Amino acid sequence: MRYFEDLSPSTGGREPRAWLRSSRPRIDLNGSWSFKLWDGAPDGIPTVDESWGALTVPGHWVLQGHERPRYTNTAFPFPIDPPYTPDANPTGDHVRTFDVPEYWPVDGAVLRFEGVDSCFKVWVNGIEVGTAKGSRLPSEFVVGEHLRPGRNLLAVRVHQWSSGSYLEDQDMWWLPGIFRDVTLLARPLIDDVFVHASYDHLTGAGTLRVETVPDAVVRVPELGIVAAPGESVAIDAVEPWSAEEPRLYDATVDVPGETVELRIGFRTVAMVDGLFTANGRPLFFRGVNRHEHDERRGRAMTVEAMRQDLVLMKQHNVNAVRTAHYPPHPAFLDLCDELGLWVIDECDIETHGFIYTDWRGNPADDPDWAPMMLDRMRRMVERDKNHPSVVIWSLANESHRGRNFGTLAAWTRERDPDRAVFYERDRTYEFSDFYSLMYPPLEDLEAIGTRTEDVPDETADRPDLEARRRALPFILAEYAHAMGNGPGGLADYQRILEHYPRLQGGFVWEWIDHGLLLPGATDHVYGGDFGERLHGANFCIDGLLFPDRTPSPGLLEYKKVLEPIRITGPDPLTVHNHRTFTGVDDLTLVWSITTDGTEVASGHLEAPDISPGRSADLPTPAAPFSTDEQLLTVRAVLAKDTAWAAAGHEVAWAQFPVEPPAAPAAAEAAEAASVLEGSPTAVLLEDGEVLRLGGGEFDRATGQLTRLFGHQVDGLVLDLWRAPTDNDNGQGGRNGVTQEWRAAGLDRLLHRVESVEVQDDGLLVRARVAPEGLGLAVRTTYRWRAYDDQLQLTVDVQPEGEWAGTAVTPRCGSWPRVGVRMTLPRTLENVQWYGGGPGESYADSRETARVGRYECTVDELQTPYVVPQENGARTDVRWAELTDADGNGLRVTGAPLFQLTARRWTTEDLETARHRSDLTPRDHIYVNLDLAQNGLGSASCGPPTRDSLQVAPYTYTLGFHAVKPRSAGPEDHQIP
Ligand code: GAL
């Protein structure tokens, strides 16, 4: 059998060991290699000739112009024929020379690969030294005897497909190649190190024991420790490591000729009374699932990008990361230790594609595959065992049930009893220290919190396993699928997660969109962009970061709901410390009061240090008298620079109506009432085919608004449609709403004006708005009246007919939006508003929207989702202005609130675009002024959206005003 198809993990390799920073000489073998791609696996030793090109290592050949990347979600892109691979097995030969200096200690030298996808064979100076599988794991070969001073030749043959591929069916791009570092290491004298550093939270004492080679000396200078290998050293007082305070102690392990540098964190994790604790306290994960992804480099990550990921996580209140679904580059875990993140380190095992054989032949349940699986577990645990940040070992992702997990768990517990073991997909949880699910609806989560969840089928007739499972703490392994615009509902999940002690937090799916930017391209690609027949489309564009690492609105929302400090108020104004270990003396509280969005007072509040889990009341700042809307905003910001943010960085905030507490609501209602009930001050003029009312001009026959304060407008009509989001679409037709919306014809509504009534106080236009091909409708009236400088529109919407469904028409229970759309001249491109902002917000993703005055251009209102879809709405808008470069334009006021969307393309353009470059600005600005929109949810992989906009009667009112240049003096307003 060919080595890349057999079930041996590797041949000729060294035993797995820790990733160590050693003083031994090393030669970096990254850089430019000669490269040749073959359609299948060639025989013989790779030999460079003129047909070869060059390739940068680390790197994936498919991102450097050879062949193409391929994305599938669950399906193997080859027949399920384990352990075989198709004949068309792309194979990349990589060859380079390197110089070994005369003095360099070749004896026992080790060639180390941090990650090669998926199977490879190595030759040094023409001599075969071994093979390896396990893409996201290190391999080492002893090559010293084959080296010589001066020029040496290294050849590596990489097969894209191997038996190992059957264990690597993660939902991500298939990216072959030598994608992590390659290094030649002088023979390690310190072969391995295993640090055991615990912390006793009752006494504050630490214990240190370092297993390593005999005769080594372990030193921790700061603690005055000089110890022998295996010696247990008690330290009366140490500062513990936690994600909140990642205290590390520098240490060394020495033997003559080698020093290994360590950074030790003292911490103890344990299961106590059914909860997972660190240093004596139950942990709560505010987590994300992170794949390694770089828009240009794929999984060949730079240390800068790794650090950027972690800095962004810290800045957004994330405290935990699941390394979905494989061990990350080892430097990433060093950074987690340094910056402070709890880590679930996941093994490189996923056999998801066996779902298509109904799990027949699943390697996880076939003892023949046990050695290969155990090899992966060992290589992860041994490599990563010294990181204080790693607190849980995850056996795999989505590989169904199988005996081999018993083998992996048993070995892991034996080797490292000081950490917990996790596996989500075996519903007996026999081998896991946690109960876990993905994407449950809120009701299920709540039931788990109260331990009233249904018994899984798998444990129904196993009372022993069921009793064990029911006693386990729960981790939400994945939830809130952040695909496209979304996720919605984060606050609902957080509320439940925080409420029940059994629920120890969750991990949003997922950290970053996997969009790839190929050389010379401007659009990010995803599955299907190369005409592949089998692909996962844009299901991998589901991150909280855009592919270029810009935070999406979803991440800003997550930051808000995760706040470890909560501020409630305004009277009493209370600060709650939701951290686990630390007080709040790293924070400063600043406040400001705005009147109609303009700051009128501000200051600092002296907060006492508040212990974890406690709260404190502070004096509520007094507001100056005003009848206008006044808001108090209180912010908790970093008092000093940290490793991940500068002083002033905002950790938490809250906003409250003030003085008197009910004032804004009352004022809004009063304003609304006065607008609605006052007497119109302008009368309608008929002028041939044109009707004039206040600042508006209407077509006599259709009642259509044609000009607004001199600006040409078009098509102001009821709008119920939006460009469906990925979450609207659901997953494979499940849980989505788009199908229902389309079946009800909401994407093809036509208008029929029934009457244009000129009335004493204005204009009343009645219309029937209805879809092609169906009998249901929406009776709509547009009532226009003019008051002083305001033209006012009240829209009344009455659903009529079979929205509840018939024998042939399905039920339609929700609408995408209720509002009006219209076009404005393209010059009115500067936007100002007083309302929620600065970014977009939706019914179930608006915690992060703060009421204020904002301004930007129409282009800047857009959120650049990789796959265009509904985006950019601003909610809770009191007023908005759209003006041209001279400051002329329109102002829209709500009665009291509305939602604003403005773009240079139509909803239909947005709906049909598959990539951002498909959107070309048109000659107008398309504006939606909504009463409401449907929520977002995360049904692209998850339950149906809860915040739905019901099909029901609605009425709402808008006011339109002229805007003139602000610099103009008051008398200028008199000029007609
Ligand atoms: C999960 C899986 C992830 C990803 C996600 C949906 O079931 O573990 O890898 O596929 O669904 O994006």
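Leaving aside neighbours within four places in sequence, which residues is Gly583 in contact with? The partners are Asn577, Asp609 and Ile610. This is a predicted model.

**Gly583 and its loop**
- Gly583 sits in a loop that links β36 (573-577) to β37 (587-595).
- Its relative accessible area is 17%, so Gly583 is buried; the cut-off for buried is under 20%.
- Pro612 is 29 residues away from Gly583 along the chain. Even so, the C-alpha atoms of Gly583 and Pro612 are separated by 5.8 Å.

**Ser845 and its loop**
- Ser845 belongs to the loop between β53 (830-837) and β54 (850-857).
- Ser845 has 7% relative accessibility and therefore counts as buried.
- Not counting residues up to four places away in sequence, Ser845 touches Pro487, Gly488, Glu557 and Leu936.

**Helix α1**
- Helix α1 covers residues 303-315, which makes 13 residues.
- How far apart are the end C-alpha atoms of α1? They are 18 Å apart. At 1.5 Å a residue, the helix should span 18 Å, so the two values agree.
- The buried residues of α1 are Ala305, Met306, Asp309, Leu310, Val311, Leu312, Met313 and Lys314.
- An α-helix has 3.6 residues a turn, so residues three or four places apart point the same way.
- Just after α1 comes Asn317, which takes a positive phi of about 65 degrees.

**The ligand site**
- Residues surrounding the ligand include Asn73, Asp171, His325, Asn397, Glu398 and Met438.
- Tyr439, Glu478, His481, Trp509, Phe539 and Asp542 also belong to the ligand's surroundings.
- By class, this shell has four nonpolar, four polar and four charged residues.
- Trp509 has a side-chain N or O atom 3.0 Å from an oxygen atom of the ligand.
- For Asp542, a side-chain N or O atom is likewise 3.0 Å from a ligand oxygen atom.
- For Tyr439, the distance from a side-chain N or O atom to an oxygen atom of the ligand is 3.5 Å.
- How much of the ligand's accessible area does the protein cover? On its own, the ligand has 310 Å² of accessible area, and the protein covers 95% of this.

Conventions: Residues numbered from 1 in each chain as written. Predicted model: local features only at pLDDT ≥ 70, side-chain atom pairs only at ≥ 80, totals over all residues. Heavy atoms only, no water. Helix = DSSP H or I, 4+ residues; strand = E, 2+ residues; numbered from the N terminus. Expected span 1.5 Å × (residues − 1). Buried < 20%, exposed > 50% of the residue type's maximum accessible area, 1.4 Å probe, protein only. Near = heavy atom within 4 Å. Polar contact = N/O pair within 3.5 Å; in protein donor to acceptor, adjacent residues only side chain to side chain. Areas by Shrake-Rupley, 256 points an atom, 1.4 Å probe, with all protein chains shown as cover. Nonpolar A, V, L, I, M, F, W, Y, C, P; charged D, E, K, R; others polar. Contact = heavy atoms within 4.5 Å.
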